[in-house]
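Student: I would like to learn how to read cavities, pockets, cores and salt bridges in a model. Could you take me through them one by one?

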Amino acid sequence: MDFARCAIDLALEHHSAFIRLVEAGEYGSAGALLRPILEASTIGFWFVYVAPLEMVERLSQDKQDNPVEDVPMLGDMAKALVSTFPPIQGLVDGLKRGGPMKWLHKYAHGGTPQLNRRIGSGWEEGEVVLSLIRADLFCVLAGCLETVLAPNPQLFAYGFHRRDELAEEFCVKFNAPPIPHQPHGLPEATLLAEAEGCGEGQTVEAS
């Protein structure tokens with residue numbers, strides 16, 4: 001499943017760039033990468049679980065910058081994944097017009113949430129920490145998807161444990177309600193993904 005792995009790789013590259021920008025104190029540019037990190041991760045899940053075969057076959061296999069067919073928008077991919085991952089409904093709702101996750105779009109496209117953070121003291125420490133947690137979480141989700149494409153016990157043990165650590169850190173640092181427990185493992189890939197040689201998913205709890 002080359003496209004899925006490319007999406008995972010892209011999420012990892014975006015995350016690496018995010019960290020470098022934070023280290024350089026360029027927090028606005030780092031914030032603009034939060035949506036691309038999540039988007040690349042979601043694209044990987046879309047390919048593995050819900051992408052229609054006929055659509056995948058129409059996707060461009062070269063480097064043209066204006067393909068006729070392309071992957072769906074983030075909200076549409078998230079909506080398609082709800083049947084496989086019901087909790088993603090929160091993302092779907094949050095991305096609706098006026099929804100609470102519109103900051104993802106505003107950060108990426110220079111809206112007022114970005115502009116206002118350049119007034120006065122700029123980005124506050126808590127805002128940077130929150131962005132770091134979000135970036136790490138989006139990236140870890142992409143990494144966990146690799147455990148469905150090929151057996152990888154070390155990544156399996158690290159990825160899902162790290163996801164839980166980040167959720168706990170978010171709740172503690174920002175006084176957020178506890179996040180419901182998520183299983184350690186992902187469903188097996190769809191028939192489409194298996195037909196293209198993704199391998200078997202690891203769906204059991206890590207020991």
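The dialogue below takes these features in turn.

Tutor: Happy to! Keep in mind that this is a predicted model.

Student: Which residues line the largest cavity?

Tutor: Phe 18, Val 22, Tyr 27, Ala 30, Gly 31, Trp 123, Val 128 and Ser 131 form the lining. Helices α1 (2-23), α2 (27-32) and α9 (125-149) each supply at least two residues of it. The largest share, three residues, is from α2.

Student: And what is the make-up of that lining by class?

Tutor: Six of the residues are nonpolar and two are polar, with no charged residues.

Student: Now for the open spaces. How much space lies in the largest pocket, and which residues lie nearest its centre?

Tutor: The largest pocket holds about 1400 Å³ of space. Its lining counts 41 residues, and Pro 87, Leu 137, Leu 141, Ile 179 and Gln 182 are those nearest the centre.

Student: Which helices supply at least two residues each to the lining of the largest pocket?

Tutor: Those are α3 (34-49), α6 (89-94), α9 and α10 (153-173). Of the helices, look at α10 with care: the largest share of the lining, eight residues, comes from α10. By class, the lining of the largest pocket has 30 nonpolar, seven polar and four charged residues.

Student: What about the second largest pocket: how much space lies there, and what lines it?

Tutor: About 390 Å³ of space lies in the second largest pocket. It is lined by 15 residues, with Phe 3, Phe 47, Ser 60, Asp 70 and Val 71 nearest its centre. Both α1 and α3 supply at least two residues each, and α1 gives the most, with four. The classes here are nine nonpolar, three polar and three charged residues.

Student: Let us turn to the core. Which residues touch the most other members of the largest nonpolar core?

Tutor: As a general guide, in soluble globular proteins, nonpolar side chains tend to be buried together. In this model the largest nonpolar core has 54 residues, and Phe 18, Leu 34, Phe 47, Val 48, Tyr 49, Leu 145 and Leu 186 touch the most other members. Two or more residues of this core come from each of α1, α3, α4 (53-58), α5 (74-81), α6, α7 (103-108), α9 and α10. Helix α9 gives the most to this core, with 11 residues.

Student: Last topic: how many salt bridges does the count come to?

Tutor: The count is eight. Take Arg 5 and Glu 146, whose closest N and O atoms are 2.9 Å apart.

Student: What does accessibility say about Arg 5 and Glu 146?

Tutor: Arg 5, at 36% relative accessibility, counts as partly exposed, whereas Glu 146, at 18%, counts as buried.

Student: Where does Arg 162 find a salt-bridge partner?

Tutor: Arg 162 meets Asp 136 at 3.8 Å, N to O. This pair links distant parts of the chain, with Arg 162 in α10 and Asp 136 in α9, 26 residues apart. Salt bridges that share partners also join Asp 136, Arg 162 and Glu 165 into one network.

Student: And Lys 96: which residue is its partner?

Tutor: Lys 96 forms a salt bridge with Asp 93, the closest N and O atoms being 3.4 Å apart. Lys 96 is partly exposed at 48% relative accessibility, and Asp 93 is partly exposed at 33%.

Note on methods:
Residues are numbered from 1 along each chain as its sequence is written. This is a predicted model: local features need pLDDT of at least 70, side-chain atom pairs count only at pLDDT 80 or more; totals for chains, interfaces and linings use all residues. Side-chain values use heavy atoms; hydrogens and water are left out. On a 1 Å grid over the protein atoms alone, a cavity is a set of points where a 1.4 Å probe fits but cannot get out, and a pocket is an open set with protein on both sides within 12 Å along at least five of seven lines; lining residues have an atom within 4 Å of a point. Ala, Val, Leu, Ile, Met, Phe, Trp, Tyr, Cys and Pro count as nonpolar, Asp, Glu, Lys and Arg as charged, and the others, Gly among them, as polar. Grid points are joined across faces, edges and corners, and a volume is the space filled by probe spheres set on the points. A nonpolar core is a set of buried Ala, Val, Leu, Ile, Met, Phe, Trp, Tyr and Cys residues joined through side-chain atoms within 4.5 Å. Buried means under 20% relative accessible area, exposed over 50%, partly exposed in between (1.4 Å probe, protein chains only). A salt bridge is a side-chain nitrogen of Lys or Arg within 4 Å of a carboxyl oxygen of Asp or Glu.
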